[in-house]
Structure formats: C-alpha cells, structure tokens
Amino acid sequence: MSTVRRAAVLGSPIAHSLSPVLHRAAYAELGLGHWSYDRFEVDEAGLPGFVEGLDSSWAGLSLTMPLKRAVIPLLDEITGTAASVEAVNTVVLTEDGRRTGDNTDIPGMIAALRERGVEKVESAAVLGAGATASSALAALAEICTGPVTAFVRSRERGDEMRGWGDRLGVDVRVADWARAGEALHAPLVIATTPAGTTDSLAAAVPEAPGTLFDVLYEPWPTALASRWSSAGGPVVGGLDLLVHQAVLQVEQMTGLDAPLAVMRTAGEAALVAREG
C-alpha cells in the first residue's frame with residue numbers, strides 16, 4: 001500500500017480557489033490515488049501554527065493571499081525566483097522536514113505567454129501595481145527587451161514599481177492611471193487589476209492590438225478581454241496562468257510530469273459549473 005501524501009492550498013478567503021480542482025485532476029490522471037489535495041482557510045496569524053503542525057505525510061502547499069510573504073520566515077530556504085519578488089506561492093516539503101519556498105507564478109506567466117507564441121517583446125505595459133504586478137515585472141525581465149510602462153493610481157505605487165524594476169533589471173516608466181488607454185497600444189499588455197477595473201478601457205482597444213494578458217479568470221471574459229478578442233488580438237487569461245503555475249507545483253511536489261491539458265479541461269469545467 002502506497003504511503004498517503006497530502007497537499008493543500010492555504011489562504012483567506014479560500015472558498016473559491018480552483019487549485020483543488022486542478023491538482024486533483026492531475027493526481028487522477030497520474031494514478032496517484034494515495035494523494036489528496038485540500039483547501040484551508042488560514043490567515044497570517046494562523047499560518048505559523050498550521051505549518052508547524054504538518055507531519056511527514058505532507059508533500060507541499062500552495063499559497064495565495066495574504067500568505068505569500070508571511071510564509072517566508074517559516075521556511076528553510078527559498079529559490080532565487082521567489083526571492084526576486086519576496087513572494088512564495090509554493091512550498092515543497094521533504095520527508096526529513098525541510099521546507100523550500102518557490103514562486104511558480106513567474107515561470108507560469110512566461111509559459112502561458114509562450115503557449116500563445118509570445119517569446120520576446122520590445123516593450124510592454126502593466127496595468128496596476130499590486131503583488132501580481134511585481135510578478136509580471138519579473139516575467140517581463142525574461143522576455144521584454146525594452147521599457148515597461150506601469151499605469152498606476154498613486155505616486156507611492158509608482159515608486160514601488162520603479163523599485164521593483166531596479167531590483168529586477170527592468171526599465172520601468174510610470175504613467176498615471178488616467179492615461180491607461182495609452183497602454184493598449186503596447187505589443188504586450190498585462191492587466192493585473194481587480195475585476196471591473198479595466199472595463200472602462202474596452203472602448204479604447206486599438207484596431208490591431210498586440211497581446212493582452214488579463215490575469216483574471218472569474219468573471220471571464222472581462223470586458224477588455226472580450227473587446228480585445230473581437231479586434232483580433234491574442235488573449236491570455238487568468239485560467240492560463242492558474243493552470244501553468246499549478247502544473248509546476250504538481251511537478252515539484254510529485255516529481256512527475258503534470259498533465260497540462262487535463263488540468264486545463266478540469267478548470268474550464270469547474271468555471272462553467274459555477275456560472276450554471
């Protein structure tokens with residue numbers, strides 16, 4: 001009988017996380033009947049106790065907000081990728097108790113773009129300046145050869161984005177959110193803002209747009225993504241990111257090649273079921 005192995009996603013709020021759907025689909029396809037993947041409502045105050053209570057059956061954790069930074073002091077080591085943005089979304093637990101933190105959002109973004117044929121761009125625009133925006137800058141450090149313009153609502157946010165740019169080696173220029181329509185003319189636009197924030201920009205989509213990466217997956221499509229597709233521009237969505245980062249998590253936790261197509265199909269089905 002195979003040894004039971006456990007994994008889970010932690011965060012607050014966590015009820016709507018699609019991670020269990022994606023990881024369980026992978027386990028089923030890989031024949032890992034002895035693996036389980038759950039979700040737990042855990043906030044920053046409860047995280048140390050939860051992590052300390054894990055036994056040797058645990059293989060890994062997926063982390064969402066607000067835990068991506070809070071977990072770092074609880075780990076034995078973090079990868080360079082995670083350190084570059086001071087954010088961990090993946091913890092791999094070894095049977096001897098070591099905890100290693102990684103960030104699969106960044107390579108997940110790169111993989112999702114590559115899937116749509118975006119390997120390199122000469123410039124890019126980022127809408128927003130939150131935690132996802134810093135991961136976007138880290139991804140752009142790998143694929144963008146020129147400047148990145150960040151469209152933000154405050155000087156403080158602009159300074160933060162410049163700081164991340166300096167740290168990541170990205171030439172970040174800052175523009176006021178009032179000019180966000182200008183962003184849509186960039187060859188690659190990454191929208192990292194909450195639902196509804198970019199709806200008013202849909203009317204400003206140019207006739208021949210580049211590529212849009214909208215990190216939202218629910219509701220989908222966003223008004224901006226819908227208009228972008230209608231104009232003939234390639235669109236990468238939040239589900240693409242979610243699936244690609246989960247693929248990397250499954251591979252790190254299990255040591256097996258993850259079934260990308262199966263995981264995407266499961267995620268799509270789950271979203272359709274929610275809409276119904």
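Contact here means heavy atoms within 4.5 Å.

First, the ground rules. This is a predicted model, with residues numbered from 1 along each chain as its sequence is written. Local features need pLDDT of at least 70, side-chain atom pairs count only at pLDDT 80 or more, totals for chains, interfaces and linings use all residues, and side-chain values use heavy atoms, with hydrogens and water left out.

Start with strand β11, residues 211–214. Strands are DSSP runs of E, at least two residues; helices are runs of H or I, at least four; both are numbered from the N terminus. In a regular strand, side chains alternate between the two faces of the sheet. In β11, T211 and F213 sit on one side, L212 and D214 on the other. Buried or exposed? All four are buried, meaning under 20% relative accessible area with a 1.4 Å probe, protein chains only.

Now the neighbours. Strands pair if DSSP finds at least two bridges between them. β10, residues 188–191, runs parallel to β11 with four bridges. β12, residues 235–236, is also parallel to β11, with two bridges. F213 is bridged to I190 and to V236 in β12.

Next, the helices. Which residues of α8 meet α4? D240, L241, H244, Q245 and L248. On the α4 side, the residues include D105, M109 and E115. Helix α4 spans 105–115, helix α8 238–254. Their axes, lines fitted to C-alpha atoms over the stretch in contact, lie 8 Å apart at about 120°.

Notes. Buried means under 20% relative accessible area, exposed over 50%, partly exposed in between (1.4 Å probe, protein chains only). Axes are lines fitted to C-alpha atoms, for helices over the stretch in contact, and angles run from 0 to 180 degrees between N-to-C directions.
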